[in-house]
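User: I am new to this structure. Please walk me through the terms used to describe it.

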Amino acid sequence: MTTADFEELLAHQCAPTFIGLKAASLVAFQKNRFDDFDAQLADYEPCFACHGVLMLRLLDEESRALVLFYRADVLDGILRQRDAQTLLRRYGYRPSDSLSAMLGRLRRRVQLYAGASKDFPHEIGLFLGYPPHDVRGFIEHKGRGFLCCGLWKVYADADTSMTLFKRYADCTARFCTRLASGVPMADILEAV
């Protein structure tokens, strides 16, 4: 995968996070598509960090990696909300946990589920900035009975979620258009 292909993948998956509209994005990488995945990802880490976006490998196996790209301050604020805390307590997170501790617990849970070929730890939706009522609805209804679907399945306040989906799609389109026109990713991030 070329640098341009790598940047295009990141832009499609993470533009709202890069621009600051979304707390976090999750990208699944097939490592065999890269000459040196670790080096390519590491090359971008300082640029992202300089613009407030951090990376955490939630899963790092021989053939695949799941990387969370996130804005720490925004994510911490989301996870501190009462509804999010109530849901997180069900899965062993404590209100007193630091963001780092919560991310560590999420990482362990993702790895546990991947190793057991089980379902995914659905509280990850909170880490991706999904509304707590929709994450709770997805868990309680086992992914069925939703009102509408976009980046996540919506169980309440469909109008607000549809507006967000459109904002995210518009942001992604603008980001990808600038990237395709030859503007370097670092320059797009600098403009934020």
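User: Why is Asp-38 called partly exposed?

Analyst: This is a predicted model, where local features need pLDDT of at least 70, side-chain atom pairs count only at pLDDT 80 or more, and totals for chains, interfaces and linings use all residues. Residues are numbered from 1 along each chain as its sequence is written, and side-chain values use heavy atoms, with hydrogens and water left out. Buried means under 20% relative accessible area, exposed over 50%, and partly exposed in between (1.4 Å probe, protein chains only). Asp-38 has 38%, so Asp-38 is partly exposed.

User: What makes Asp-38 and Arg-57 a salt bridge?

Analyst: The term asks for a side-chain nitrogen of Lys or Arg within 4 Å of a carboxyl oxygen of Asp or Glu. Here N to O is 2.7 Å. Asp-38 lies in helix α2 and Arg-57 in strand β2, so the pair ties together parts 19 residues apart in sequence. Helices (H or I, at least four residues) and strands (E, at least two) are DSSP runs, numbered from the N terminus.

User: How do you know that Lys-31 is buried?

Analyst: Lys-31 has a relative accessible area of 14%, so it counts as buried. The side chain of Lys-31 meets that of Asp-60 in a salt bridge of 2.5 Å, N to O. Lys-31, Asp-38, Arg-57 and Asp-60 are linked in a network of salt bridges.

User: Why are α1 and α8 called oblique?

Analyst: Angles under 35 degrees count as roughly parallel, over 145 as roughly antiparallel, 65 to 115 as roughly perpendicular, and the rest as oblique. The axes of α1 and α8 cross at roughly 130 degrees. The two helices are therefore oblique to each other.

Terms used:
Axes fitted to C-alpha atoms, helices over the stretch in contact; angles between N-to-C directions.
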